[in-house]
Amino acid sequence: MYSKYFDTLGIPVGLFETSGLLIPGTMCDHEFVSSQLTPQYGRFYSPRYPSSYPKNIRCSYLFRARLKERIRIVFEEISLQKGDLSCLNRADLIRVHDGTDSGTPTIAVLCNQGAEVEVLSTGPDLYVEFVANSEWPGQGFKAMFQFQPLDDPPHPSELDKVVPGAVTGNPRYSVIGPAVSATTSSCDVVFNSDLTKTGVVTSPGYPNPYPSRTHCRYDFQGRGKERVQVIFQDFNLYDTPGDTDDCKRVDSLAAYVHIDGKMDKIDSFCGESLPRPIMSNGPRLLLEFDGVTSSRYSRGFKATYSFKENFGITTGRQEAKYPCAFVFNSNETRNGTFASPNYPGLYPRDTECHYFFNGQPNERVHLHFHFFDVEGVLPCEALTASDFVEFSNYMAKDRKYSRHCGQMKEFDVDSDRKFFRVTFKSNDRLDGTGFNASYVFLDEEENYTVKAPTNGAILIRCTTVLLFLTSCLLFGHTSP
């Protein structure tokens, strides 16, 4: 039997009854929709709470707010199967997604938190999934939810009235990101790739203004050859006019990577300009947010993160025998593009990537570099601590080609035979944007030049390198 009581507003609340609508045909999937006719707050529980939940069960709780609302959830008790607080390799978990289903970014992963946990959505949808596969189920969880306006968060005293027992003011543990352990600050978060490969990271309270004197650490921990890529969607920090010297003494976000066992800063971001994507040089990345000043007009920041093994290179077939290598075969595609790691963001430090081009016996490859910005000075050697791009008709070094570095205008490179190798290498010092290039495999007899006939008519011998077409168009034909 469920016990009943009345809250401070005199509304009867089912202590162990989930207040959402049970989706027909399911055992424990619920939906909560915000409207003028439905309560803006309520509670939800694991099945059978406070008794042990069933084995091998999956439940979902979908929250759909109105356009200018977001969802606030406070997990007041979490007691799953016995274990530590790491949430690694756990059979019973709670995952919170910033969207409408499990395919949207994960913003929290919970298992046996000893403190109350608050989770905020960044938009009008939130999806909670409870997965229980252990042989020894625990007591489960109880939580409260609230639909709250994006631009007008309720005062803590109002929350006390609306939801009995809610965490107000500064909750003991508030997260927008995977919660894997108790930390020294309410906004320090650890993101572990064993829990989720992608998700969302934001400043505290985003898109509402962050508090003054805020200091947050976001620690990303991958494994193996995973690299952490962070792509910003919104960036709006308080900026003092005329005082932006390398983002010192202003609100800022700094990115650090591990080099030789030490933390090395790769960049700092401040103001309102959207930062370019960043990528770690290894499986670890640290972001530090310092919000010295609070302003009602400063939203903070929002970004997506991903643990990637492809270095952000999205074309070609990755070759597993190398840490970073991609193969382009003419029998798969005759033309396309390739770029440096994390392009158009800064390429990661201490990284070497190979691009192998394999044509048919009668083919060669033509490369056109549209953009080139690789840190270094000629002749791009170790003495000048230069990053570089190197070309070769062999797997070994080819003396025909000099190394390329620095900032260069568009240029072309041709192979002598069917095989061609491009190697990009960065050191552990400075960064650049890298390069963006296109390739095309040509038959040896193909001509890719543009000629102007003497009679003033235009003759274009069209080939794949110029127009990526196989036919030729001739206007006002004369013999070349």
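## Disulfides in the model

A disulfide is counted here when a pair of cysteine sulfur atoms lies within 2.5 Å. In this predicted model, a search of the whole structure by that rule finds four disulfides, and three of them are described below. A disulfide is a covalent bond between the sulfur atoms of two cysteines.

## Cys247 with Cys270

One of the disulfides joins Cys247 to Cys270, with a distance of 2.2 Å from S to S. Cys247 sits in the loop between strand E17 (227-236) and strand E18 (252-259), while Cys270 sits in the loop between strand E19 (262-269) and strand E20 (278-279), so the bond ties together parts that are 23 residues apart in sequence. The angle about the S-S bond is -75°, and the link of Cys247 and Cys270 is left-handed. Both Cys247 and Cys270 are buried.

Cys324 and Cys353 form another disulfide, in which the sulfur atoms are 2.0 Å apart. Because Cys324 is found in the loop between strand E23 (317-318) and strand E24 (325-329), and Cys353 in strand E26 (residues 352-358), this pair ties together parts that are 29 residues apart in sequence. With 95° about the S-S bond, the link of Cys324 and Cys353 is right-handed, and both of these cysteines are buried.

The sulfur atoms of Cys380 and Cys405 are 2.1 Å apart, and these two residues also form a disulfide. Here Cys380 belongs to the loop between strand E27 (363-374) and strand E28 (388-392), and Cys405 to the loop between E28 and strand E29 (406-408), so the pair ties together parts that are 25 residues apart in sequence. The link of Cys380 and Cys405 is left-handed, with -90° about the S-S bond, and both Cys380 and Cys405 are buried.

## Salt bridges

Side chains of opposite charge can pair when their charged atoms come close. The count for this model comes to 17 salt bridges, among them one in which the side chains of Glu76 and Arg43 meet at 2.6 Å, N to O. Glu76 lies in strand E7 (residues 69-79) and Arg43 in strand E5 (residues 41-45), so this pair ties together parts that are 33 residues apart in sequence. Glu76 is buried, with a relative accessible area of 14%, and Arg43, at 9% relative accessibility, counts as buried too.

Another salt bridge brings together the side chains of Arg349 and Asp431, at 2.8 Å from N to O. This pair links distant parts of the chain, 82 residues apart, since Arg349 is in the loop between strand E25 (335-339) and E26 and Asp431 is in the loop between strand E31 (419-425) and strand E32 (434-443). Arg349 is buried at a relative accessible area of 7%, and Asp431 counts as buried at 18%. These two residues, together with Asp264, are linked in a network of salt bridges.

## A salt bridge with an exposed partner

The side chains of Lys400 and Asp416 meet in a salt bridge, at 2.6 Å from N to O. Lys400 lies in the loop between E28 and E29, and Asp416 in the loop between strand E30 (411-414) and E31, 16 residues apart. Lys400 counts as exposed because its relative accessibility is 52% and exposed means over 50%, whereas Asp416, at 42%, counts as partly exposed.

## Thr214 and its contacts

Thr214 lies in strand E16 (residues 214-221), and at 10% relative accessibility Thr214 counts as buried. Leaving aside neighbours within four places in sequence, Thr214 is in contact with Cys187, Pro204, Phe289, Asp290 and Gly291.

Technical notes: Residues numbered from 1 in each chain as written. Predicted model: local features only at pLDDT ≥ 70, side-chain atom pairs only at ≥ 80, totals over all residues. Heavy atoms only, no water. Helix = DSSP H or I, 4+ residues; strand = E, 2+ residues; numbered from the N terminus. Buried < 20%, exposed > 50% of the residue type's maximum accessible area, 1.4 Å probe, protein only. Contact = heavy atoms within 4.5 Å. Salt bridge = Lys/Arg side-chain N within 4 Å of Asp/Glu carboxyl O.
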